[in-house]
Structures are given as C-alpha cells and as structure tokens.
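The exercises below go with the structure shown next. Work each one before reading its solution.

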Amino acid sequence: MTGTDTIKQQAAGAGSAGAGQAKAALQVFVGGACYGAMATTYKLAYAAGFTSAQVVASQAWFGCLFFVLAALAGRALGHHWQRVGWKLAFRLMGLGALTCLTSILYCYAMSVLPAPVALTLLFQFTWLGLVWQTVMTRRPPRPLQVVSALVIVFGTVFASGVYKTGIAGYDPVALLCALGAAVSCSLFVTLSGRVKAPCSSEQRGVIVCMGSVVMSLTVCPDYVVSGVLAQGILPFAVIAGFFGLFCPVLLFGVGSPHLPAGLSTVMAAAELPAGLLIAMIVLGEPLGVVEWLGVAIILAGVCLAQAPSLLGGREARRAAAGQAVS
C-alpha cells in the first residue's frame, strides 16, 4: 500500500468519525426535542382533570407498550431476541426508573410552580452532565463544554421567562423536586451511553421501560384497574408515552454511546426551544422578543458544544488532503 493510499484512508476515517459523531449528536438533539412536547401535554392533562400521578403512569405504561409493539414487529421481520443477564437487566431497568423519577418530580413541580420556574430548574441538567462526566472519567470537561453549558443556562433564563418572576417565595418542596428532576434527568442521559446491551434497540427499550413501569407503581399503583383510560386520558397517554419515553429512550440509547457524557446532556437542551414552540402553536402562548433571544442563545450554546468535533474532523481531512498533494 502506498503512502498516498494510507493518507486517503486516514482522511476517510477522519471524515467518517466526524460524521458519526455529528449523527449521534443529532439523535440526542432530536431525543431532547421530543421531551419538549411534555410540558404542553402535562398542562392539557391537568386542565382535563387528571392528576400528575396518572400522567406519569400513562407515560410509563404506554412507552412500554410502544416498545413491546416495536419488538414484536422486529420479531415478525426475523430479528432474534438476545438473552440478557439479570445484572444487565437490572441496570437497564434502573435507567427506566431514573427517567420515570424525572417525570414524577417534574410533574409535581409543574403542578405547583409556574412553568418558567420549573423549566429553568430542570434545565440545570445541562451542567450537571458535566459533573457526572468528571466523576466517572476523573477528567475535567473541556473548557468549551463548560462555556456551552453556561451559555445554555443563561439563555434558559430568558427563554423560559423566569427573568420576570425569579424563583424566590415559591414552595421549597416543589423547588427541590424540580432540582431533583434535573439531577435524575442528567443521570439518565449520562448513563444511557454507558449501559450497553447486546440486543436490539427495541428489546433494550422494553427492559428499560419495565423499570419505568415499576417506578410508576410507587405513585399510581392502581393505574390499570382505576378506569382512568375510560375517563379520557388515552390521548394524553399516547403522546406522553411516545414523546416522553419511547423516542428519548430509543434515541439516547443509540446516540449517547458515541458522545462524551457532558456533551450528551448539552445536546439534549433542545427540549426547551421545542417546548416553547409547541406551546406557542398548541396553547397559543405568545413568545416575546426576549424569549426568542433566549431560544437563539440556547441553540448557539448547542452549536458551540459541537464545534470542536465538527471542526476537528474537517481539519483532519484537510491536513490529510494536503499531505496527499505534497
């Protein structure tokens, strides 16, 4: 093999690595954006007379149902189910318990606090992911990751409208629940990339969601027999299960393993811009100039976090191409 061929292979490898990370970042970004549908869904469900516990249970049960249907469809297409050991199964179910815990805490906070306050506290998960990354890898995050997380948190203050109200004077238990949701959410996104399973994404999702269903029993043990489905919660259950559990678990499970833990939580910050846009379209909630500025700042922070990998891959390809020419 000639030196030129080797250089071409290096350039191709750098390009494929950069494209792979960009694809993974997009998957996590879309997974975060799916969460954006939840705030509006919660508000509509509360207005229809349903409790936060019923909404949480709906999200868990229907998210699991979607994965079961996806796994059965894969089985019908000839995909084989793999054997998963008990230890790995418990770890995957722990992921499901974490994301359900996030919903429990966040739903309660949303039912007590103004939405901007709950959203702003939840969004602390963007920098908490960097903390978990530091603890798990024993290496500090890159300065640009820290800057991008701070930019996102700064933009959240304006995009959510909390700059108008502040967070003083509200129920301290609800405030702690919102912060707890940020902690559990950051752990879920971080660990999604570290708990790997030798099976299909659909089979993995079923096991994860089983953990979510078990956790939901702590707040709504009689969900199945309560008759709540006959009372009209079905539309909210379908939306919550699909956008609040099925899509995020699937996309985070696919994309997070290819990203640093801190970067995964930063990319998941798509939740707030998506949530504000959905609330504007569905609920007719207006967004002022300051709120749109906050959205722009959040998106700028997300782009800033991705800059090193994208530019690094481009520079590697240019350098390899230059060596080939010389």
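**Exercise 1. The largest pocket**

How many nonpolar, polar and charged residues does the lining of the largest pocket have, by class?

Solution. The model is predicted, and for that reason local features need pLDDT of at least 70 and side-chain atom pairs count only at pLDDT 80 or more, while totals for chains, interfaces and linings use all residues. Residues are numbered from 1 along each chain as its sequence is written, and side-chain values use heavy atoms, with hydrogens and water left out.

Step 1. On a 1 Å grid over the protein atoms alone, a pocket is an open set of points with protein on both sides within 12 Å along at least five of seven lines, a cavity is a set where a 1.4 Å probe fits but cannot get out, and lining residues have an atom within 4 Å of a point. Points are joined across faces, edges and corners, and the volume is the space filled by probe spheres set on them.

Step 2. Apply them. The largest pocket holds about 390 Å³ of space. It is lined by 22 residues, and those closest to its centre are Lys43, Pro116, Ser160, Leu276 and Glu285.

Step 3. Sort by class. Ala, Val, Leu, Ile, Met, Phe, Trp, Tyr, Cys and Pro count as nonpolar, Asp, Glu, Lys and Arg as charged, and the others, Gly among them, as polar. The lining then has eleven nonpolar, six polar and five charged residues.

Step 4. At least two residues each come from α1, α4 (115–122), α7 and α12 (271–282). Helices (H or I, at least four residues) and strands (E, at least two) are DSSP runs, numbered from the N terminus.

**Exercise 2. The whole chain**

State how many helices and strands the chain has, and what share of its residues is buried.

Solution. Step 1. The chain has 13 helices and zero strands.

Step 1. Buried means under 20% relative accessible area, exposed over 50%, and partly exposed in between (1.4 Å probe, protein chains only). By this cut-off, 49% of the 326 residues are buried.

Step 2. A contact is a pair with heavy atoms within 4.5 Å. Of the contacts with a separation of 6 or more, 90% are between residues 24 or more positions apart.

Step 3. The accessible surface (Shrake-Rupley method, 1.4 Å probe) comes to about 15,000 Å², and carbon and sulfur atoms account for 70% of it.

**Exercise 3. The cavities**

Find the cavities of 30 Å³ or more and describe their linings.

Solution. Step 1. The count comes to two.

Step 1. About 120 Å³ of space lies in the largest cavity. Its lining includes Tyr35, Met38, Gln59 and Gly244. Helix α3 (86–112) and helix α1 (3–47) each supply at least two lining residues, and α3 gives the most, with four. By class, six are nonpolar, five polar and one charged.

Step 2. The second largest cavity has a volume of about 40 Å³. Among its lining residues are Arg75, His79, His80, Trp81 and Glu202. Helix α2 (residues 52–76) gives the most to this lining, with four residues. The classes are three nonpolar, four polar and two charged.

**Exercise 4. Glycine 244**

Is glycine 244 buried or exposed, and what does it touch?

Solution. Step 1. Glycine 244 lies in helix α10 (residues 229–255).

Step 1. Its relative accessibility is 0%, so glycine 244 counts as buried.

Step 2. Apart from neighbours within four places in sequence, glycine 244 contacts Tyr35, Met38, Gln59 and Ile239. Threonine 41 is 203 residues away from it in sequence, yet the C-alpha atoms are 9.7 Å apart.
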